[in-house]
Amino acid sequence: MSFHVDHANPERIPLEACIETLRGRLEAVSRIQGGHTYYQEELRIFNEVANEQGWFLPSAPAELSLPPSDEGNEHQVWFREAHGTFLKATWPGFFGLRVVYRPDEESKASPIDYLERWLLHNAFFADQVRFLGVVPTPDGNRLIIEQPAIAGIPATSEAQIRDFFIGNGWKAFTSDGETAFFDPKNGLAISDTHRGNLILMADGLLAPIDLRIQKLSGSILDIVKSLTAAPSTAPQPTNFE
């Protein structure tokens, strides 16, 4: 699938089509190599596709020249009051972390992983994140997204968060020393489920706003399934060797 960005309306970049294009390129390279693609290769593939499709913005959004409303390990964030949204920009050259990974893989997420994460966020958490484009900097690319603001307060406790996911069919395990959750029905794993990443709304429900979410397959899927099949409700240690 081929499409180009209308830079007068960059928010119209279709996230699903982005992932379809990127994954198609990854699969083609994997078939040629007879194996998986890796972090540095995915950076190269992303840059090639972004150049071909016109995802690089001719100028950075105005907010990036202003002090952010908030910032974390993965993003700087600006509140767009007129739109009722948040503009999020990844730190230069950093696109978050993977939930689980093989010993021969990089723990860092590639920009392809990052965009797929938001596509999954939209699909499974009823979010409406939009991909606005890429801003190049001397220290690496920044990916720009826009996310609707949700009224509420941070989740009240880690126990509340755990009950929320367990009650919705997710199973707890441990990855890189932190609690993660696995959805056996859809083969998904999530992490970074701290209080600031889930909003307690007026109706008492929790809304995930910035979780790491990853589709699992192959040996990693089998390992996580075996870890979470244990009857104990305590998080189980992972071993992806």
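Me: Why does Asp-113 count as buried?
Reply: Its relative accessibility is 15%. Buried means under 20% relative accessible area, exposed over 50%, and partly exposed in between (1.4 Å probe, protein chains only). At 15%, Asp-113 therefore counts as buried.

Me: What kind of model is this?
Reply: This is a predicted model, in which local features need pLDDT of at least 70, side-chain atom pairs count only at pLDDT 80 or more, and totals for chains, interfaces and linings use all residues. Residues are numbered from 1 along each chain as its sequence is written, and side-chain values use heavy atoms, with hydrogens and water left out.

Me: What makes the pair of Asp-113 and Arg-23 a salt bridge?
Reply: The closest N and O atoms are 3.7 Å apart. The rule asks for a side-chain nitrogen of Lys or Arg within 4 Å of a carboxyl oxygen of Asp or Glu. The pair therefore qualifies. Asp-113 sits in helix H3 and Arg-23 in helix H1, so this bridge ties together parts 90 residues apart in sequence. Helices (H or I, at least four residues) and strands (E, at least two) are DSSP runs, numbered from the N terminus.

Me: Is Arg-23 buried or partly exposed?
Reply: Partly exposed, at 22% relative accessibility.

Me: What makes Glu-52 and Arg-25 a salt bridge?
Reply: Their side chains meet at 2.7 Å, N to O. The pair links distant parts of the chain: Glu-52 in helix H2 and Arg-25 in helix H1, 27 residues apart. Glu-52, at 40% relative accessibility, counts as partly exposed. So does Arg-25, at 25%.

Me: Where do Arg-212 and Glu-74 lie?
Reply: These two form a salt bridge, with the closest N and O atoms 3.4 Å apart. Arg-212 is in strand S12 (residues 212–215), and Glu-74 is in the loop between strand S1 (70–71) and strand S2 (75–80), so the bridge ties together parts 138 residues apart in sequence. Both residues are buried.

Me: Why are H2 and H3 called roughly perpendicular?
Reply: The axes of H2 (residues 39–53) and H3 (residues 111–125) cross at roughly 70° and come within 8 Å. Axes are lines fitted to C-alpha atoms, for helices over the stretch in contact, and angles run from 0 to 180 degrees between N-to-C directions. Angles of 65 to 115 count as roughly perpendicular, under 35 as roughly parallel, over 145 as roughly antiparallel, and the rest as oblique. H2 and H3 are therefore roughly perpendicular to each other.

Me: Which residues meet between H2 and H3?
Reply: Glu-42, Leu-43, Ile-45 and Phe-46 of H2 meet Pro-111, Ile-112, Asp-113 and Leu-115 of H3. Contact means heavy atoms within 4.5 Å.

Me: Which residues of the largest nonpolar core touch the most other members?
Reply: Leu-22, Phe-46, Trp-55, Tyr-114, Leu-115, Phe-131 and Leu-143, out of 23. Such a core is a set of buried Ala, Val, Leu, Ile, Met, Phe, Trp, Tyr and Cys residues joined through side-chain atoms within 4.5 Å. H1 gives the most to this core, six residues. Apart from it lies another core, of 15 residues, including Leu-120 and Phe-165.

Me: Why does Gly-169 count as partly exposed?
Reply: Its relative accessibility is 38%. Gly-169 is found in the loop between helix H4 (158–167) and strand S7 (171–175).
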